[in-house]
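Good morning, and thank you for making time for this presentation. I shall take one structure, begin with its overall figures, and then turn to individual residues.

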Amino acid sequence: MHGRITQLFLINSLTCGLEVCLAAGTIYIPPMLLEAGVQERFMTMVLGVGPVLGLIFVPLIGSASDGFRSKYGRRRPFIWPLCLGVLLGLLIIPQTSTLISLFTKHDLHWLEVPLLVLAICLMEFCGQACFTPLEALISDLFPGEVESRKAFSSNSLMLSLGGCVGYLLPAVDWSASDTVVYLGGQISFIFLVLTAIFLICLMGTMFISEEHTGREKVGDAEVSRRIAKSTTCCCPRALFSKVLLLPRIIFSLLSVGPQLYSLCSRMPKVIARLFVAELCSWMALMSVMLFYTDFVGEGLYGGVPSDIPGSPGRIRYDEGVRMASLGLFLQCVTSVIFSVLMEPLVLWVGHRKLYMSSMMILAVSSAVMSVSRNVVLVTIMVAATGYTFSILQILPYTLTCLYHSNTQVFFPGERHKPHGNGAVLIKSADVQLLTKQKRSNGCIAGPNTKTCQCNISTSQSLDLHVCVTICPKPPVLKGIGTDIALLDSAYMLSQVVPSLFLGSIVQLFHSVTTYMACATLLSVVAVYFSSKIVFEKKDMEANR
């Protein structure tokens, strides 16, 4: 147990470091884009590029990591390349002008905005996508409802602590320091600090042990050995995978693409309901968080982000940005408090009441921010949304672990149609996902049955390499990593929709208050869909 707690701390340290970087980016990226001359509607679209890429690749990452194997484990080979992307973004964003001048001999300052946009998209995508393998790694180490809830509560705590640091750094005026002036100003100093913090947190992942949790029984290993002996000699992917680790990751991503589409099209009812509810909930909360800086700077302080530095309009806007940072910092403090109290709250109140109350608080808070111009009241309201943030960081993943801990109840009839006498026809690209299930199901190691001995043979039909597995029960090909990736996709999509449309709506109404008004409407929708979530077994029985 002590070892697993250490592992959890190391994982959560990287989660904390990622959130520090993304939180600070939430504060500085909109003003930097507006200062560079990007219009409001295009600024919001830039913020949506990273989540759009996440929608495409995050489910692939989650599904591929479920079946990936290497000496570094299943998840870390995906975590490290994504962290490299975050580092590149941190280094490029504050130095776009310097880099353009350094690598070009001509006056090509028009390249600054495209380079800035590229670096922002890289950091946002890699940072958000990295949470998926980290969350899956936590579920590997802590299966089951109770221990997963405790693990994800601590994860939410570290996430909130990272947000506190990320929002607090920009809230302080560092520009008076000689060191800051020497380093190029406040933004350059902040991003240098972010880089140092992230590197320290990243180094901890080198000490994470192989993420074996005892779920891979002898039967799983035996099936893997037999399939390897049938397929290894004639499968080019298996031979090439021994050369380099990165090509193995790419092959894994490509191989699960068609299967991912099939999995999403047959999404279980409980996951589908949770997905829709989380999507609406995150869209409402993201409408507040992503644009809160601009809302306070322009709407409450009357600042002008495009004015030259030192002008009255720009000074008011910068003051508003710092005040917004303080408000989001208090939001994270609230989230930390409720993350600590989550375990007794779940036992005392229950999942349903906690989730529903968090949506109602978000609806009330955003409604008050839509009509009030009192800075103190608005700050209190945004701090209250930290309760919603904490709930959304914990309960959806806890519910997913609950669903997978009792597949007979929550995933009835989710197996593939058998062929003939119970044989399941599986493409060779799917063999790895079949034999390396993170949770034991069907023929690999049923939760309440003995490990069955599968007869494995191969045949060649046209140019398709096919494995035929004969089992009493067809296996479930989808692991918990895939479902977690689907939930993370809801988080990504929740940023895409506001980013694509809210900027244009704000320009149409000529008021940044529109951000909060839209958040209110989305919160009401989220309340409705949250009431449809399956929180316990009796909800499943009531819906039959």
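Among contacts in the protein (heavy atoms within 4.5 Å) between residues at least 6 apart in sequence, 83% join residues that are at least 24 apart. A word on provenance: this is a predicted model, in which local features need pLDDT of at least 70 and side-chain atom pairs count only at pLDDT 80 or more, while totals for chains, interfaces and linings use all residues. Residues are numbered from 1 along each chain as its sequence is written, and side-chain values use heavy atoms, with hydrogens and water left out.

The secondary structure comprises 23 helices and three strands; these are DSSP runs, with helices being H or I of at least four residues and strands E of at least two, numbered from the N terminus. Of the 544 residues in the protein, 57% are buried. Here buried means under 20% relative accessible area, exposed means over 50%, and partly exposed lies in between, with a 1.4 Å probe and protein chains only. The protein exposes about 22400 Å², and 68% of that is supplied by carbon and sulfur atoms. Accessible areas come from the Shrake-Rupley method with a 1.4 Å probe, and for residues only the protein chains shown count as cover.

The largest nonpolar core contains 132 residues, and L194, F198, Y292, Y355 and Y403 have the most contacts inside it. Helix α1 gives the most to this core, with 17 residues. Such a core is a set of buried Ala, Val, Leu, Ile, Met, Phe, Trp, Tyr and Cys residues joined through side-chain atoms within 4.5 Å.

Which residues does Y292 contact, leaving aside its neighbours within four places in sequence? They are A324, G327, L328, M369, V378, T379, V382 and M516. Y292 is also one of the buried residues of α14, together with T293, D294, F295, V296, G297 and L300. Because seven of the nine residues of helix α14 (residues 292-300) are buried, the helix is largely enclosed by the rest of the structure. G302 follows α14 and has a positive phi, near 65°.

In helix α1 (residues 2-35) we find S13, which counts as buried at 12% relative accessibility. Not counting residues up to four places away in sequence, S13 touches M158 and C201.

Next, the charged pairs. The structure holds four salt bridges, each defined as a side-chain nitrogen of Lys or Arg within 4 Å of a carboxyl oxygen of Asp or Glu. In one of them, the side chains of E35 and R314 meet at 3.1 Å, N to O. This pair links distant parts of the chain, E35 in helix α1 and R314 in helix α15 (residues 312-348), 279 residues apart. E35 is partly exposed at 39%, whereas R314 is buried at 10%.

R314 also forms a salt bridge with D318, the closest N and O atoms being 3.3 Å apart. Since R314 and D318 are four residues apart in helix α15, about one helical turn separates them.

D140 lies in helix α5 (residues 112-141) and R75 in the loop between α2 and α3 (76-92), 65 residues apart. D140 is buried at 0% relative accessibility, and R75 is likewise buried at 0%.
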